[in-house]
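User: I am new to this structure and would like to learn how to read it. Can you take me through it feature by feature?

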Amino acid sequence: MEQIIQQLINGVSLGSIYALIALGYTMVYGIINLINFAHGDIYMMGAFVGYAITTFLGLGFIPSLIISMVACSILGMVIEKIAYKPLRNSSRISLLITAISVSLFLQYIMVYFVGPETRTFPNVLESNRITFFDGSVILDTKNIYILVITVILMCTLQYVVRRTKIGKAMRAVALDKEAAELMGINVNKVISYTFAIGSALAGAAGVLVGIYYNTIDPLMGSGPGLKAFVAAVLGGIGLIPGAVFGGFFLGLVETIVSAYGGSVYKDAVAFAILIIILLVKPAGLLGKNVKEKV
Amino acid sequence: MKIFNKRNIIITIALIATYILGKVLIDTGIIDSYLQLNIILIGINIILAVSLNLITGFTGQFTLGHAAFMAIGAYTSAIITAKFNLPFIVAILGAGLMASIAGVLIGIPTLRLKGDYLAIATLGFGEIIRILALNIDYIGGAIGFNDIPQYTNWTWIFVMVVFTVILINNFIHSYHGRACISIKENEIAAEAMGVNTTHYKVLAFAIGAFFAGIAGSLYANYFYFIKPDSFGFMKSVDILVIVVFGGMGSIPGSIVGAIALTVISTFLQSIGDLRMVIYAVILFLIMVYKPTGLMGKTELKFLKKKEVKHNVSAKG
């Protein structure tokens, strides 16, 4: 019982980080149908920006989180302008390879400038351990911070997408780009905003991961990046609640698998679940099947 | 059709001449071991690229897990040659066969998926194979598989590359190959015309996996040593990049792409950490300025029969 609660706590923390990254994937996929492989590396950049600010400027947790989100959203917009915009009308596969090349570029430019070694993320949050059941279940304040920040960001996102003008425009573009353009929506601007918001969430996730695991390195993006993508597909890619659900689901599955001795297989289990769900429900757990038009 | 027509005889003579030339140059030491390593790598990459081109370029099935078939081939071959001491030809065939079986097993369920979803599922499959290889102690686990006898040489590479190219080229220009191409052009229309799309997709997957397995076998038995991380997601991407770089649906494109990218990455090896950055920039520039690849849809003209022009109206 105690172990299950402990795993639930760990799973929710990990899951909220996956969910934050998955949101960016799902927004970009929803709007331009691109599996943005560079998204995981934007999250890595976010972690490094947070690291630089806390280490060299000595700022606290909240300012570093905000600066890192802003930096990442600018980075996301720049990437979109330079790399994806010229290819907007070319085939899916060349867009995908461009995304992979952007991902490689970000990874190795960081390796070149900061070196490939793992760094220790400064302890910006004092960790207070709250124990239950005579110390057999430990709830770290870090976990609470991570969950609270994730929930705040998700609620903000939901508000932006559902209630604001730009959110409405985003949904319109995701539904039908040409029609939205005919209705006077500036599609380029909307795509830019989508990248900015998605990348900001990835930047926040980067800082949170730095705090959660205490270590960052330039190649940290590819693993969780793929995993977050799996989460987005699990929930139904293109759907915001789907990404959140998929993220938490994957985080919980992963911690439970590790807890019961399968830690070496936890990635394999994640991908196996992905394949099974794709076979049973190709549009994801929360997605609706779309009939193909002839 | 006569087998001994002028065209075939010329090709055969040219191939034999190339083989003898290579053999003489290697035996006399004009091609040193470093150059030979690159020739072997180019050969392996050609086999991988041509086999992936059959799946992605001709049949239109977008997969990101090709390295997994290579891994299955490499490990099968390593087990056959290092643990059972059987001859190399058995290892090559065994490797191809195992990879092919895996191709069918993964193909039947996942090929119902389309486009990006198939890419994701095959990506997941590739990662699962890699993680399994990491955790099976019999084949070395994360440390890797050591002491594989080195059988791969110029003869094997040459024969296998020629075998792969001719077989896949002939397959594409056969009745079955046309069915595969029709699936890429329009799957629904192909199905409406009576093409059994699942059958041909699985067939293309099985053949592609077979040759990827052979490439894995050649790889394992050249480098003495294999480890699961050599066959990860990035390897699949590398192969896909060769195919797209050379031109989807073009066999000469895959050959040129394999040569060009192997040479580029060899040259970039000397500049250390910036290597991957430059590689990424090259990749990006190609995608922006030449998204159809170097050779577009060029086919092996000299290998193709001169056709009577009765299919002119097919496009109109």
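User: How much area do chain A and chain B bury between them?

Analyst: Start with the general idea. The size of an interface is often given as the accessible area lost when the parts come together. In this predicted model, chain A and chain B bury about 3600 Å² between them. Carbon and sulfur atoms carry 83% of that area.

User: Which residues of chain A lose the most area to chain B?

Analyst: Ile93(A), Ile97(A) and Leu279(A) do. Together they account for 16% of what the chain A side buries.

User: How many residues are in contact across the two chains?

Analyst: On one side, 41 residues of chain A take part. They are in contact with 40 residues of chain B.

User: How many salt bridges and polar contacts are counted between the chains?

Analyst: For salt bridges between chain A and chain B, the count is zero.

User: Which elements give two or more residues to the side of chain A that touches chain B?

Analyst: In chain A they are α3 (61-84), α4 (92-114), α9 (222-235) and α11 (266-280). The largest share comes from α4(A), with 14 residues.

User: What classes of residue make up that side of chain A?

Analyst: Sort the residues by class. The side of chain A that touches chain B has 33 nonpolar residues. It also has four polar and four charged ones.

User: Let me look at a single residue. Where is Gln107(A), and is it buried or exposed?

Analyst: Gln107(A) is placed in helix α4 of chain A. Read burial from the relative accessible area. For Gln107(A) that value is 7%, which is under 20%, so the residue counts as buried.

User: What does Gln107(A) touch?

Analyst: Set aside the neighbours within four places in sequence. Gln107(A) is then in contact with Asp41(A), Met44(A), Pro218(A), Leu219(A) and Ser222(A). With Asp41(A) there is a polar contact between side chains, at 3.1 Å.

User: Now salt bridges. How many does the structure hold over all chains?

Analyst: Over all chains, the structure holds eight.

User: Are Glu80(A) and Lys81(A) buried or partly exposed?

Analyst: Take them in turn. Glu80(A) is buried, at 1% relative accessibility. Lys81(A) is partly exposed, at 40%.

User: Which residue forms a salt bridge with Lys227(A)?

Analyst: Glu254(A) does, and the closest N and O atoms are 3.1 Å apart. Look at where each residue lies. Lys227(A) is in helix α9 of chain A and Glu254(A) is in helix α10 (residues 240-262), so the pair ties together parts 27 residues apart in sequence. Both Lys227(A) and Glu254(A) are buried.

User: How many disulfides are found over all chains?

Analyst: A search of the whole structure finds zero. Cys72(A) is buried, with a relative accessible area of 1%. Cys155(A) is partly exposed, at 47%.

User: What about the backbone? What is phi of Asn33(A)?

Analyst: Phi of Asn33(A) is near 55 degrees, a positive value in a residue other than glycine. Asn33(A) is found in the loop between α1 (2-32) and α2 (39-57) of chain A. This residue is partly exposed, with a relative accessible area of 37%.

User: And in chain B, what is phi of Asp147(B)?

Analyst: Phi of Asp147(B) is near 55 degrees, a positive value in a residue other than glycine. Asp147(B) lies in the loop between α5 (115-135) and α6 (154-172) of chain B. At 68% relative accessibility, Asp147(B) counts as exposed.

User: Last, where is Val263(B)?

Analyst: Val263(B) is in helix α11 (residues 251-268) of chain B. Val263(B) counts as partly exposed, at 34% relative accessibility. Sequence and space can be read side by side here. Val263(B) and Ala142(B) are 121 residues apart along the chain, and 29 Å separates their C-alpha atoms.

Key: Residues are numbered from 1 along each chain as its sequence is written. Chains are lettered from A and ligands numbered from 1 in the order in which they are written. This is a predicted model: local features need pLDDT of at least 70, side-chain atom pairs count only at pLDDT 80 or more; totals for chains, interfaces and linings use all residues. Side-chain values use heavy atoms; hydrogens and water are left out. Contact means heavy atoms within 4.5 Å. Buried area is the accessible area (1.4 Å probe) that two parts lose on being put together, summed over both. A salt bridge is a side-chain nitrogen of Lys or Arg within 4 Å of a carboxyl oxygen of Asp or Glu. Helices (H or I, at least four residues) and strands (E, at least two) are DSSP runs, numbered from the N terminus. Ala, Val, Leu, Ile, Met, Phe, Trp, Tyr, Cys and Pro count as nonpolar, Asp, Glu, Lys and Arg as charged, and the others, Gly among them, as polar. Buried means under 20% relative accessible area, exposed over 50%, partly exposed in between (1.4 Å probe, protein chains only). A polar contact is a pair of N or O atoms within 3.5 Å; within protein, one must be able to donate a hydrogen and the other to accept it, and residues adjacent in sequence count only if both atoms are side-chain atoms. A disulfide is a pair of cysteine sulfur atoms within 2.5 Å.
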